[in-house]
Amino acid sequence: LKETYLLLHNMTLYIMVTLSILFLTSCFGFTIEFPFGANFMTRIKNIDLTRITEQTKADLQYLFKTTPVLVFENQKITPEEQFFVCSLFDSNYTTQVLHPFSETAVPNTKQIAIRGKGIANHFGVENVPIRNTRSFRYTPVWHQDLVGSKDVLPPIVSSMYMLKTPRYGGTTSFASMEGAYEAMSVEHRNICSNLQCVYSSYHGLFGETDHTGYGRVDKYWRKELTPELSEQMVTQPMVIYPTSEDTKRTLMLSPNKVYKFQGGQGGVNPPNEKKKTRFIMKNYVLSPPGNVGTIKYRDNDLVIFNNRKVMHTSSPTEEYDECRYFALLFLGTTSPFLDSSLSF
């Protein structure tokens, strides 16, 4: 009887402590900090995303509108839970599979793929080598996910859930495209507002990028285009409103796939496309103080970011010898971006 009493007593204490923790969490919510050197990026602590209240959901949705890169620390989630959490940040999300990594797609949640470096053995993906194109092996390629992809709206929400991180390397840098636009001179804003970016995913896949991660060193734009390649090209504005609800303009630009610009003053095709890309990247995207932040990941970090408001780098796989794994999600959406071609 004494042992039974002690067991019941301990169980009661455990239940009371658990309820107290849940009560405190619901009362005080999560905490945030800004350790990345940029105020558009925040680390969120003291939260379990698998059990949050409606009020916490609303608070996180508000935070995502103001701060487009969220890093949730120490999350233990499944691919289904990752998809669900990300869907909270886009009311017009779809279940469309957007990533091209069919070899490492998670069987029960095909919208998510295992990426990084090594042999994937996660969430039902068994003994599959993770393949990376050459430029992504050696260069921190600056890009926006699926910008310039045929018949696809660039996702609002992209996400990476870190399963295993190396001791050295494997970081990701982010740059605010809202900050880049605001840093521009009035003259350059006017020029960019009249420009359309013409993208070629095919040429981007086989292109060569220098150490900056945004400068092309090949001369693919001089090659003759076949009708098939021309048909696959995509034209998108450089300056946009991310959604119909947004009131701040942002740049939409993926340097690794830009083939040329069109439009410009008087509708004339502007010359020196590559020089313009490098100028914008160096002087506006990467140069304003506080416009770039870098994440050194920890295991079980969940990163959710607004892909239409920030640009980010890949993590060169040849800078670390250890394995690195993360679950990648491009969340499908029906939310169009708005062309912002008005002068101001």
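**Strands 13 and 14.** I started with strand 13 (residues 239–241), which pairs with strand 14 in the antiparallel sense over 2 bridges. I looked up who faces Val239 and found Leu251 of strand 14 opposite. This is a predicted model, so I am reading a computed fold here. Next I checked the whole sheet: 3 strands, open, in the order 14-13-20, with antiparallel pairing. Strand 14 (250–251) and strand 20 (338–339) are the edge strands; each has a single partner strand, so one side of each lacks a neighbour in the sheet.

**The hairpin.** Then I went to strand 6 (residues 119–122). Strand 6 pairs with strand 7 (residues 125–129) in the antiparallel sense, over 3 bridges. Together they make a hairpin with 2 residues between the strands. I noted Phe123 in the turn, with a positive phi of about 50°. Which residue is the bridge partner of Ile119 in strand 7? I found Pro129 there. I also sorted strand 6 by face: Ala120 and His122 are on the covered face, Ile119 and Asn121 on the uncovered one.

**The cores.** I looked for the largest nonpolar core and got one of 33 residues. Leu60, Phe72, Phe89, Ile114 and Ile304 have the most contacts inside it. Among the elements giving two or more residues to this core are helix 2 (54–66), helix 3 (79–87), strand 5 (109–117) and strand 17 (302–306).

Leaving out residues up to four places away in sequence, Leu60 touches Phe30, Ile44, Ile47, Leu49, Ile52, Leu70, Phe72 and Phe89.

**A nonpolar patch outside.** What do Tyr202, Leu205 and Phe206 form on the surface? They make a nonpolar patch, with about 340 Å² of accessible area together. Tyr202 lies in helix 7 (residues 201–206).

**Whole chain.** Last, I noted the totals. I have 9 helices and 20 strands down for the chain. Of its 344 residues, 52% are buried. The accessible surface comes to about 17,000 Å², and 54% of that belongs to carbon and sulfur atoms. Among contacts between residues at least 6 apart in sequence, 78% join residues at least 24 apart.

Conventions. Residues numbered from 1 in each chain as written. Predicted model: local features only at pLDDT ≥ 70, side-chain atom pairs only at ≥ 80, totals over all residues. Heavy atoms only, no water. Patch = residues over 30% accessible without salt bridge, like charges linked within 9 Å, V, L, I, M, F, W, Y side chains within 5 Å. Areas by Shrake-Rupley, 256 points an atom, 1.4 Å probe, with all protein chains shown as cover. Salt bridge = Lys/Arg side-chain N within 4 Å of Asp/Glu carboxyl O. Helix = DSSP H or I, 4+ residues; strand = E, 2+ residues; numbered from the N terminus. Buried < 20%, exposed > 50% of the residue type's maximum accessible area, 1.4 Å probe, protein only. Pairing = 2+ DSSP bridges. Core = buried A, V, L, I, M, F, W, Y, C linked by side-chain atoms within 4.5 Å. Contact = heavy atoms within 4.5 Å.
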